[in-house]
Amino acid sequence: LQFGLPVALGCDGSCSSDGQDMLEVLKLATFLPTLHSPDYRDWPSPRQIALQLAARNGYKALGINAGAILPGMEADFALWDLTSLALLPHTDPLSLLIQGSRCISGTPLDSLYVRGIQVVDKGQPLGFTLAELRSSLLHAYASEQYRDSLRVTDPSNTGPFAAACENEYRAAMNLDKEEDYEEETKVIFYPPSGRVLYDAKITL
């Protein structure tokens, strides 16, 4: 930020995170700079975090013309209940929304629009009921099928492809010494010049 580089914020996917909560992302982005400098003047404000890094820069990073309420932009916006306990007392609503707690008082989200279409009304999603969603999730997976279960992640239980992926992961994370890997099961990446994304070549 101090060099004027565009910084965008976003959530990780569900394969590596159990929740995609942008407000939690904004909260972490607000607090983490305090570890770098004790001077509060160096800390980004909640307003800068939410409106610039998350909204404008987030959409810009995805190539979407949104992130601000202006003519010609996609109508993606949220309306918040300023009478919610999470946003009281009335000091700085945006700061309270980002840095406050929603565990007890619940979400202060009132309405949400995506490209002009309302998808949340009075805090409730439209198009389905929470009871239906809760029921489907309760029966989606047995506990032993959870991704963090060794029954799922242990390569000895899932075949050679998972073993090769495990090998690649441990090498990428530098978890084992180089000599611990068999040459025929190593995963070698060949990123083309000038590209960030590339296909992984996995040798089984």
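## A proline in a loop

P89 sits in the loop between strand 1 and helix 4. Helices (H or I, at least four residues) and strands (E, at least two) are DSSP runs, numbered from the N terminus. The peptide bond from L88 to P89 is cis, with omega near -5 degrees. Most peptide bonds are trans, and most residues other than glycine have a negative phi.

This is a predicted model: local features need pLDDT of at least 70, side-chain atom pairs count only at pLDDT 80 or more, and totals for chains, interfaces and linings use all residues. Residues are numbered from 1 along each chain as its sequence is written, and side-chain values use heavy atoms, leaving out hydrogens and water.

## The chain as a whole

The chain has 8 helices and 6 strands. From the N terminus on, the elements run α-α-α-β-α-β-β-β-α-α-α-α-β-β.

Of the 204 residues in the chain, 18% are buried. Buried means under 20% relative accessible area, exposed means over 50%, and partly exposed lies in between (1.4 Å probe, protein chains only). The chain exposes about 15100 Å², and carbon and sulfur atoms supply 59% of this area. Accessible areas come from the Shrake-Rupley method with a 1.4 Å probe; for residues, only the protein chains shown count as cover.

Now take contacts, meaning heavy atoms within 4.5 Å. Among contacts between residues at least 6 apart in sequence, 41% join residues at least 24 apart.

Two strands count as paired if DSSP finds at least two bridges between them. Strands of a sheet pair through backbone hydrogen bonds.

Strand 2 (residues 109–114) and strand 3 (residues 117–121) pair over 4 bridges in the antiparallel sense. Y113 stands opposite Q118 in strand 3.

## Two loops with positive phi

R115 lies in the loop between strand 2 and strand 3. Its phi is near 50 degrees, a positive value in a residue other than glycine. R115 is exposed, with a relative accessible area of 55%.

K122 is found in the loop between strand 3 and strand 4. K122 also is not a glycine, yet has a positive phi of about 55 degrees. At a relative accessible area of 63%, K122 is exposed.

## Helix 3, inside and out

Which residues of helix 3 are buried? They are P46, I49, A50, L53, A54, A55, N57 and G58. Helix 1 and helix 4 are included in what covers them. An α-helix has 3.6 residues a turn, so residues three or four places apart point the same way.

N57 is found in helix 3 (residues 46–62). N57 is buried, with a relative accessible area of 12%. Leaving out residues up to four places away in sequence, N57 touches P6, V7, A8 and Q52. A61 also lies in helix 3, but A61 counts as exposed, at 59% relative accessibility. A61 and V7 are 54 residues apart in sequence, yet 8.8 Å apart in space, C-alpha to C-alpha. Helix 3 is followed by G63, whose phi is positive, near 75 degrees.

## The nonpolar core

A nonpolar core is a set of buried Ala, Val, Leu, Ile, Met, Phe, Trp, Tyr and Cys residues joined through side-chain atoms within 4.5 Å. The largest one has 11 residues: L23, L26, A29, I49, A50, L53, A54, L87, L94, L97 and I98. Helix 1 (22–31), helix 3 and helix 4 (93–99) each supply at least two residues of this core. Helix 3 gives the largest share, 4 residues.

Take L97 from this core. Leaving out residues up to four places away in sequence, L97 touches L23, W80, L87, R102 and P108.

## The largest pocket

About 1600 Å³ of space lies in the largest pocket. A pocket is an open set of points on a 1 Å grid over the protein atoms alone, where a 1.4 Å probe fits, with protein on both sides within 12 Å along at least five of seven lines; lining residues have an atom within 4 Å of a point. Grid points are joined across faces, edges and corners, and the volume is the space filled by probe spheres set on the points.

In all, 43 residues line the largest pocket, and the closest to its centre are M22, F77, A78, W80 and L112. Helix 1, helix 3, strand 1, helix 4 and strand 2 give two or more residues to the lining. The largest share, 10 residues, comes from helix 3.
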